[in-house]
Amino acid sequence: MKTRSGSLYSECAAAAAVVGQKRKRAAWSAVAGECCGAGGRRKRLAGGPDYLDELPDDLVLSILSKVAASATAPSDLLSVHLTCKRLNGLGRHDMVFAKASPASLAVKASAWSEQAQRFLKRCADAGNLEACYILGMIRFYCLGSRSSGAAMLARAAVGGHAAALYSLAVIQFNGSGGAKSDRDLRAGAALCARAAALGHVDALRELGHCLQDGYGVRRDPAEGRRLLVAANARELTLALAAAASHRTFAALPLGGVAAAATGAAAGCPLLSDFGWSLPEAEPHAANQFMVDWWASHGTTAPAKKSDGDSDDGDAVELRLCSHVRCGRRETRRHEFRRCSVCGAANYCSRACQALDWKRAHKAQCVPMERWLLAGAGEAQ
């Protein structure tokens, strides 16, 4: 009996089988050739319907706006423009730029270019308040364009952008971009109050310190303390909301003992007033840009000053705010306030001073060295 594994089958049968396989493959290639090119890439059938072309422009714009609002990086918008000619044209509509998400506007300092500035400017011209704020901060503090930067910040503030209102308040408090006589404490307090009404944490804290000290407003220690507690409570709420997406509420450590027991890292310092240890909030994209910008240009927050340093002369450079997550730089000499104890730290606002005090400066602000040096000088 002959089997398929035997060698008695004629070669013509095997050839017929091979020919049959080739015939089947050739038939499949004929069908697939209609939708595949020479390189094997799939393409639309000749004469078939193009469903994208059949969609109306307003529907495509609505879809692109939702894509822009949910973008997680600037490259997401760029990939839309590279898809096809129609999406490239519709993706340049003001409706798409106006809906660009804050994450898509987070331009890195290392990637800053004229094209990045034009992109932010296009979004700002389309009515995107976040783009107005980011570009205004970059122009005012990094590029030195004070007038255009302040105009962008004012445009965002008029639209109700809380961070822009607070930044304008800091500019008014310090007289940034002008002389010391240009400071307007009442205007700064009014802008700070409006930002605080919108729930801005730093504005709440700044206004609380202003009320406690009578800085630009009538002194009211009780109301100031209430606003400081409200700022901490607001910060706690935001931290809990951010941490809820990563771990459950029951897993959040309470107090320093619980943090040490669980091996948790040091949390947001101001929340320690409430016994909480939570991760510190990420800085705003504009503040992170300024921090990276000055770091790349060889400018960092000032270190502790020695007794031999002098504050006179043109050799003294403009200083950064000592809060490492702020990024603001002086626009004139001695613009920022100094720590009244050590005189080494400089702060653009009381909010930054309060943040940096519990974050790092509380352990660094020790006037003992200055006292010892002064005592040694008197002994000599």
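This is a predicted model: local features need pLDDT of at least 70, side-chain atom pairs count only at pLDDT 80 or more; totals for chains, interfaces and linings use all residues.
Residues are numbered from 1 along each chain as its sequence is written, and side-chain values use heavy atoms, with hydrogens and water left out. Local features need pLDDT of at least 70 and side-chain atom pairs count only at pLDDT 80 or more, whereas totals for chains, interfaces and linings use all residues.

Helix α11 (residues 185-197) packs with helix α12 (residues 201-213) at an angle of about 135°, their axes lying 8 Å apart; helices here are DSSP runs (H or I) of at least four residues, and strands are E runs of at least two. The two helices are therefore oblique to each other, a class that excludes angles under 35 degrees, over 145 and from 65 to 115. The contact (heavy atoms within 4.5 Å) is made by Ala189, Cys192, Ala193, Ala195 and Ala196 of α11, together with Ala203, Leu204, Glu206 and Leu207 of α12.

Neighbours within four places in sequence aside, Trp112 is in contact with Val107, Gln117, Leu120, Leu135, Ile138, Leu143, Phe289 and Trp293.

Histidine 334, found in the loop between α15 (285-296) and β1 (337-338), has a positive phi of about 60° although it is not a glycine. At 42% relative accessibility, histidine 334 counts as partly exposed, the class between buried and exposed, the latter being over 50%.

Terms used
Axes are lines fitted to C-alpha atoms, for helices over the stretch in contact, and angles run from 0 to 180 degrees between N-to-C directions. Buried means under 20% relative accessible area, exposed over 50%, partly exposed in between (1.4 Å probe, protein chains only).
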